[in-house]
Amino acid sequence: MPLKVALKRAERSRNLRALALIAPLFLFIVLTFAAPIGMLLFRAVYDPDLGRNLPATTEAIQSWNGEGLPDETVYAALAADLKAAQENKTAGQIGKRLNYEMSGTRSKILATARMVAKLESGPYKEAFIKQDQRIWGQPDVWHILKRETKPFTGYYLLASLDHQFDGNGNIVKTSPDQAIFIDIFIRTLWIAFLVTIFTLLLGYPIAYLLASLPTSTSNLLMILVLVPFWTSLLVRTTAWVVLLQTNGVINDALIWLGILHDRIQLIFNRGGTVLAMTHIQLPFTILPIYSVMKTISPSYMRAARSLGGGPFYSFWRIYFPQTVPGIGAGCLLTFILSLGYYITPALVGGPADQMISYFVALYTNTELNWGMASALGGLLLAMTLILYVVYNRLVGIDKVKLG
Amino acid sequence: MAGHVPYDARANEGPPQCLLRGYLLWLWKIGCRHGVSQMEARSLDRPMSAQGQAVSGKLDGQELDGQRGDGKALVRFKDVQKSYDGETLVVKRLSLDIRQGEFLTLLGPSGSGKTTTLMMLAGFETPTHGEIELNGSSITHMPPEKRNIGMVFQNYALFPHMTVAENLSFPLEVRKYNKAEIQARIRKSLEMVRLDAFANRRPGQLSGGQQQRVALARALVFEPELVLMDEPLGALDKQLREHMQIEIRHLHQSLGITVVYVTHDQSEALTMSDRIAVFNDGIIHQLASPSELYERPSNAFVAQFIGENNRLHGKVAQLNGQGCTVELSAGFNVQALPVNVDGQGSPVTLSLRPERLKLDPQDGTMPNLFNGEVVELIYLGDHTRVRVAACGADDLIVKVPNSEGVPAYQPGQPVRIGWRLEDCRALAS
């Protein structure tokens with residue numbers, strides 16, 4: 001194909017130039033965004049620490065068939081690993097990791113490690129069982145060790161969905177007193193849904209007003225819409241705290257007006273959270289709807305009126321359907337952003353209003369359990385993507401217009 | 001705004017219908033009471049313009065029937081004014097009767113008020129003064145959906161989220177027709193514009209001409225008596241536009257509807273209309289049939305706007321019954337037909353159609369005969385345009401038909417140019 005070759009050659013320099021133009025941004029995104037997030041999400045299923053800290057055990061436990069207690073060689077391997085751990089001060093890490101799956105294990109591991117460090121020689125199995133019958137005399141901890149010394153683990157993802165492995169490697173539900181994450185996911189979706197609905201109800205008329213007013217007036221209104229948008233999220237949230245708190249502006253005003261006699265709780269509950277989030281998200285819903293409305297020629301409404309449709313009927317049959325792509329874009333944007341809210345629920349919400357991001361932050365900063373943080377974050381991302389796909393099936397993402 | 005627009009009880013009485021004298025008297029009375037505003041003063045200067053059709057009808061010595069409210073008028077504009085900003089009038093004192101079954105075109109440059117007039121008739125704008133009547137009852141404040149007027153918009157305004165059939169069914173659903181009736185009417189309308197195969201397409205999947213026809217079908221599907229068209233062919237290419245002009249004309253004839261058509265394209269207006277109202281600056285300058293407008297323009301604007309036109313400026317030197325002598329600024333005397341001249345000494349513009357100018361005519365056949373020089377020749381297939389310098393102007397265009405060969409003129413060649421008295425219309429300037 002000499003023509004194709006010639007075409008390729010002719011286009012080559014242009015393609016290279018185009019590549020060179022996007023290369024800096026591409027590299028920036030890969031290095032500062034895609035790669036760190038990918039690595040973090042990988043932590044949800046990849047946790048080599050236990051295997052690295054217990055190398056001999058990892059190898060020895062493979063021969064155990066999972067029934068009864070393992071034999072002396074496995075105990076000996078664990079003893080050797082714990083001796084090394086005691087020297088390298090990694091016993092705490094091992095204890096902490098096992099503690100995720102069996103609470104109370106950490107102190108027992110530390111005690112055993114101290115005991116093992118003093119032992120010169122075996123038999124280790126007896127010594128272990130003598131040290132603590134409840135842990136070393138039962139198969140449970142050995143099941144965990146056999147499963148979790150492998151570098152890849154499903155534990156964090158299952159735990160995020162309130163499930164875990166039992167002794168036989170089956171997936172079972174976590175006991176109800178520890179199962180919290182499904183509720184939190186549902187709560188996160190529900191709050192995001194409420195915020196989306198409220199921004200739509202409040203924002204649609206504003207967008208319509210912006211799109212239909214003469215430019216000079218609508219520019220002023222647009223600035224009013226955008227001013228909060230330009231203000232820091234934290235400032236706006238704390239402003240809501242000032243307004244809503246029990247001795248805050250709203251309560252004071254209502255009492256002064258005589259509408260209330262006792263102060264009401266406006267903050268640290270669901271209502272306060274949804275109110276503050278709705279306010280913050282309003283521009284994100286308004287702007288896509290506005291930009292779509294701006295492109296709808298007034299002649300459509302005129303045509304509908306001239307054909308005999310009343311103003312409301314024409315609006316509903318002719319104008320509204322044409323704004324659906326904007327509604328879709330605005331609601332999708334607000335819903336996805338709302339799913340990830342952290343600051344606002346943390347400051348304005350109560351304990352029962354914390355969303356999934358709060359727990360991601362908790363596991364990252366306080367618990368230092370990156371596996372859980374990654375698993376929760378990954379599930380949030382997956383949920384968003386599923387919604388996106390569903391939306392794409394129902395409405396079609398190509399119809400979404402952001403401007 | 002004091003005295004600008006007479007908003008008192010008297011204003012609603014309106015001027016005595018279409019009688020110039022009564023109208024002026026009424027104006028004068030109001031002027032006395034309120035002090036004549038700028039706008040009115042201007043109208044008084046140009047009574048021609050302020051009272052367009054009645055005046056032109058009279059001056060041309062022709063009675064334009066249907067002008068006096070003989071009951072056949074479908075639509076009647078009574079002294080309608082429209083201002084958007086409260087300072088300038090976009091439509092100034094419009095009185096116009098639209099006859100049942102006619103094809104009336106509102107023609108004028110952009111900003112002349114023709115579209116505003118149409119929008120007031122459709123109900124999208126409310127007159128700031130005056131009344132609009134449809135079938136004898138006032139529709140001035142009736143919302144558009146109650147008027148039962150079909151309308152074709154400039155960019156068709158086909159609902160993009162609906163198929164062609166759904167677009168057509170909208171006005172029928174609103175009118176609560178039953179399903180079978182709706183289907184039958186949609187089919188009939190689409191057959192009428194020969195688009196029956198496209199019922200399930202979206203407007204975006206149609207060509208410009210097809211969209212245009214759908215818009216036409218949608219405006220007609222509910223069988224309105226009156227159909228308004230706002231530059232409906234503006235977005236089409238020339239060939240398609242000419243084809244659609246004929247098609248719309250045929251639809252008008254076969255359906256017996258009344259059409260009010262807005263355009264700025266004079267050839268379109270001449271092709272399609274029964275009557276044309278020439279708008280400029282918010283005023284109807286002349287309302288007449290196409291041939292009347294072309295052959296006997298009643299003022300300089302119409303002469304200039306309709307067709308091609310050579311203009312010569314001068315002063316009336318002598319005025320008698322049939323003709324007048326006009327002394328051009330360059331000193332030549334021209335015999336002309338006085339159309340609206342204010343008397344001896346008044347400045348006039350002479351209007352000459354290029355096809356009525358003759359090069360080297362036989363002696364004695366033309367009262368106006370001058371020496372000139374050929375400046376330029378433009379060959380245009382069926383005719384040649386010859387630019388001649390004569391009578392103190394260097395831009396007199398003469399259309400010489402090529403029916404008997406291409407005329408053998410050369411630039412720089414001396415030539416004689418002549419025209420008849422009745423082809424040279426003296427219009428007040």
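Predicted model: local features only at pLDDT ≥ 70, side-chain atom pairs only at ≥ 80, totals over all residues.
Local features require pLDDT of at least 70 and side-chain atom pairs pLDDT 80 or more, whereas totals for chains, interfaces and linings use all residues. Residues are numbered from 1 along each chain as its sequence is written, chains are lettered from A in the order in which they are written, and side-chain values use heavy atoms, without hydrogens and water.

Strands β14 (residues 347-352) and β20 (residues 424-428) of chain B run antiparallel and are joined by 5 bridges, with B:L352 opposite B:C424.

Helices α7 (residues 164-174) and α9 (residues 208-220) of chain B pack at about 25°, their axes 8 Å apart. The two helices, α7(B) and α9(B), are therefore roughly parallel (angles under 35 degrees). In their contact (heavy atoms within 4.5 Å), B:V164, B:N167, B:L168 and B:P171 of α7(B) meet B:V214, B:A217 and B:R218 of α9(B). These residues comprise 5 nonpolar, 1 polar and 1 charged.

Between the chains, the contact involves 18 residues from chain A and 22 residues from chain B. The buried area (accessible area lost by both parts on being put together, 1.4 Å probe) is about 1800 Å², with 66% from carbon and sulfur atoms. On the chain A side, A:R302, A:S306 and A:L307 lose the most area to chain B, together 38% of what that side buries.

Conventions
Pairing = 2+ DSSP bridges. Helix = DSSP H or I, 4+ residues; strand = E, 2+ residues; numbered from the N terminus. Axes fitted to C-alpha atoms, helices over the stretch in contact; angles between N-to-C directions. Parallel < 35°, antiparallel > 145°, perpendicular 65-115°, else oblique. Nonpolar A, V, L, I, M, F, W, Y, C, P; charged D, E, K, R; others polar. Buried area = accessible area lost by both parts, 1.4 Å probe.
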